[in-house]
Amino acid sequence: MTPALQGLLTIVIGVSGCVGYFYFSNQFLDKVLFPPRGPNAGRNINRANVIRPWLFLFPALAALGLYLAYPVVETMRLSLTERVPGGGYKWVGLDNYIQMAAEPKFWEAMRNNMFWLIVVPAMSTAFGLLVAQLTDRIRWGNFAKSLIFMPMAISFVGASVIWKLVYDARPAEQDQIGILNALYIFFGGTDPQTWLTIPFWNSFFLMIVLVWIQTGFAMVILSAALRGIPEETIEAAILDGANPFQIFFKIKVPQIKTTILVVWTTITITVLKVFDIVFAMTNGQWETQVLANYMYDKLFRANDWGVGSASAMIIMLLVAPILVWNVRNARKEME
């Protein structure tokens, strides 16, 4: 069976299964469990209406339980156990966390993640806001937005391959295909630089890739927020003699502050889970390790499921407060 036919068959089976589930479950509810007839017809209708929403929610709840709740519980269990030679596990309590905290690579990953958290959300949000403001003021703004948003359509691995070519270094006697080294040589540099092997700075070269991708996301959300600002407030500020900078920083930015925070925290969650870029470009070498890559190394290279699961729990604990904060803010906005 060809992949295209297999994909089409999967879609047909999936859609048919969903339609069949909702149809037959409602038929069972209305015809068998609570039929709307007889002396208890009214009570049966009310009971059916109470249960019906849960029929629609059940597939999503089952999927969340199977693919989210169960993995979290199982990961927590694995983080407190250790594999026994010959098969099975033994309870070790917090030993895996203690072992992880004693490893320099873990603290290197934590330090790099903190750098990513400081730089990437700030730069992505700032560039996105700047582009959203400027492109709304020019005739070909929509075309510019399309170009800036385009990296969002590229996978992280694809973007990493593109930027790895940008940072590529060839011997001095050869032509440089890496744009950065070509510019470096053009402006007087002597030997081509292997940019991704320079400690500390190489992490920033990796961050540029994610900033390049996330700027388009920030631009789209913030552009919509800027368009939602009432024109009356801007016109009043102009009549009061405010210049463009004052209008932007004192009128527009305060009114979209909530949207800016949502964009910031959404990018922060992406940063905490960043893996593909580091894995594809440096594989955590040259002091570029991050938490997700550290977890991958422990789970699938060192085959240390205990420490690997412990690092996964650390990532979850770092992400959870931001998720909760976002959900609470979303509910406040709805109210």
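**Entry 1: residues 305-327.** I started with residues 305-327, which are 100% helix and 0% strand. I noted that the end C-alpha atoms of this stretch are 31 Å apart. A reminder to myself: this is a predicted model.

**Entry 2: what the record says.** I looked up UniProt, where an unreviewed entry lists 305-327 as a "transmembrane region". The entry gives the same label to residues 6-24, 54-73, 114-135, 147-166, 204-226 and 260-281. I picked 204-226 to check next. That span is also 100% helix and 0% strand, and its end C-alpha atoms lie 30 Å apart.

Entry 3: Where does the domain assignment put the bounds? Domain 1 runs over 3-79 and domain 2 over 98-334. Taken over C-alpha atoms, their centres are separated by 38 Å. Domain 1 puts 5 residues into the contact, and domain 2 puts in 7.

**Entry 4: H8 against H11.** Back to helices. Two packed helices are described by the angle between their axes and the distance between the axes.

I then listed who touches whom. On the H8 side I have Leu210, Gln214, Phe217, Ala218, Ile221, Leu222 and Ala225. They meet Thr259, Ile260, Val263, Thr266, Ile267, Thr270 and Val271 in H11. Sorted by class, this contact of H8 with H11 has 10 nonpolar, 4 polar and no charged residues.

**Entry 5: H5 against H8.** H8 has another partner to write down. Helix H5 (residues 141-149) packs with H8 at an angle of about 145°, and their axes are 8 Å apart. From H5 the contact uses Asn142, Lys145, Ile148 and Phe149. From H8 it uses Thr215, Gly216, Phe217, Met219, Val220, Ser223 and Arg227. How many of these residues are charged? I got 2 charged, next to 5 nonpolar and 4 polar.

Key:
Residues numbered from 1 in each chain as written. Predicted model: local features only at pLDDT ≥ 70, side-chain atom pairs only at ≥ 80, totals over all residues. Heavy atoms only, no water. UniProt positions renumbered as here; feature names shortened; annotations may be inferred. Helix = DSSP H or I, 4+ residues; strand = E, 2+ residues; numbered from the N terminus. Contact = heavy atoms within 4.5 Å. Nonpolar A, V, L, I, M, F, W, Y, C, P; charged D, E, K, R; others polar. Domains from an automatic or database assignment. Axes fitted to C-alpha atoms, helices over the stretch in contact; angles between N-to-C directions.
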